[in-house]
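Please read the briefing below alongside the sequence and the coordinates. It takes the topics in turn and gives the cut-offs for each term where the term comes up.

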Amino acid sequence: MFQRFRNTVIQFMWGRNGTDPLNRFLFWAYFAIWVISLFFRNWLWGWLFALLLWAILGWLVFRTLSRNIPARQAENRWYLHQVTRLKDIRRYRYRRCPACKGMLRLPIKRGRRTVTCHRCRHQFKAFFL
Ligand SMILES: [Zn+2]
């Protein structure tokens with residue numbers, strides 16, 4: 001009985017995106033926002049939170065069941081890149097090279113300085129707070 005159910009689920013999920021780090025994040029975000037929403041009891045906030053929660057849930061289900069795996073993997077890569085950026089925030093800043101549009105990870109030195117792109121050797125001025 002359970003085995004049959006399991007096989008049905010596996011067959012249904014075949015060729016679909018399933019769970020990835022971005023979906024896990026969406027799940028926890030949904031849960032966290034739901035908890036926060038319990039503290040906002042008036043109708044306007046309730047309505048806004050409900051809308052937000054449905055949007056997250058919709059995106060989560062859509063991503064899990066999607067058959068367009070390359071597109072979902074691209075989203076997941078983008079998400080993982082944002083996580084890396086956040087982890088690096090104390091040591092590095094990210095700037096886009098104006099010449100080759102490549103993303104550069106630069107160690108923080110405060111103030112205005114000249115940066116050399118490691119990909120195309122283009123030099124440009126960048127400001128670091
Ligand atoms: Zn460049």
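Helices (H or I, at least four residues) and strands (E, at least two) are DSSP runs, numbered from the N terminus. This is a predicted model, in which local features need pLDDT of at least 70, side-chain atom pairs count only at pLDDT 80 or more, and totals for chains, interfaces and linings use all residues. Residues are numbered from 1 along each chain as its sequence is written, and side-chain values use heavy atoms, with hydrogens and water left out. The protein chain is divided into domain 1 (2-87) and domain 2 (92-129), with bounds that come from an automatic or database domain assignment, and the C-alpha centres of domain 1 and domain 2 lie 34 Å apart.

**Zinc site**

- The zinc ion has four protein donors, Cys97 (SG), Cys100 (SG), Cys117 (SG) and Cys120 (SG), at 2.2 to 2.3 Å; donors are N, O and S atoms within 2.8 Å of the metal (3.2 Å for Na, K and Ca), and since water is not among the atoms, sites may look incomplete.
- The arrangement is tetrahedral because the four donor atoms subtend angles of 105 to 112 degrees around the zinc ion. Four donors count as tetrahedral if all angles lie between 85 and 135 degrees, whereas four count as square planar and six as octahedral if opposite donors are over 155 degrees apart and all others between 65 and 115, and anything else is irregular.
- Along the chain, the donors of the zinc ion follow the spacing C-x2-C-x16-C-x2-C. Cys97 lies in the loop between strand E1 (92-96) and strand E2 (103-107), and Cys117 in the loop between strand E3 (111-116) and strand E4 (123-128), so the pair ties together parts that are 20 residues apart in sequence.
- Both Cys97 and Cys117 are buried, where buried means under 20% relative accessible area, exposed over 50%, and partly exposed in between (1.4 Å probe, protein chains only).

- E1 and E2 run antiparallel and are joined by five bridges, with Arg95 standing opposite Leu104 in E2; two strands pair if DSSP finds at least two bridges between them.
- The hairpin of E1 and E2 has six residues between the strands. In the loop between E1 and E2, Lys101 has a positive phi of about 65 degrees although it is not a glycine, and Lys101 is exposed, with a relative accessible area of 52%.
- E3 and E4 pair in the antiparallel sense over six bridges, and the bridge partner of Arg112 in E4 is Phe127.
- The hairpin of E3 and E4 likewise has six residues between the strands. Arg121, in the loop between E3 and E4, is not a glycine but has a positive phi of about 65 degrees, and its relative accessible area of 60% makes Arg121 exposed.
- In a regular strand the side chains alternate between the two faces of the sheet.

**Two buried aspartates**

- Asp20 is placed in the loop between helix H1 (2-13) and helix H2 (21-37) and is buried, with a relative accessible area of 8%.
- The side chains of Asp20 and Asn17 are joined by a polar contact of 3.3 Å, that is, a pair of N or O atoms within 3.5 Å, of which, within protein, one must be able to donate a hydrogen and the other to accept it, and residues adjacent in sequence count only if both atoms are side-chain atoms.
- Leaving aside neighbours within four places in sequence, Asp20 is in contact (heavy atoms within 4.5 Å) with Arg63, Arg72 and Asn76.
- Asp88 is placed in the loop between helix H4 (69-87) and E1 and is buried, with a relative accessible area of 5%.
- A polar contact of 3.1 Å joins the side chains of Asp88 and Tyr94; with neighbours within four places in sequence left aside, Asp88 is in contact with Tyr94 and Arg105.

**Helix residues**

- Leu26 in helix H2 counts as buried at 5% relative accessibility, and, not counting residues up to four places away in sequence, Leu26 touches Ile56, Trp59, Leu60 and Arg63.
- Leu26 and Leu60, 34 residues apart in sequence, are 6.4 Å apart in space, C-alpha to C-alpha.
- Leu52 in helix H3 (residues 43-65) counts as partly exposed at 41% relative accessibility.
- The C-alpha atoms of Leu52 and Asp88 are separated by 29 Å, with the two residues 36 residues apart along the chain.
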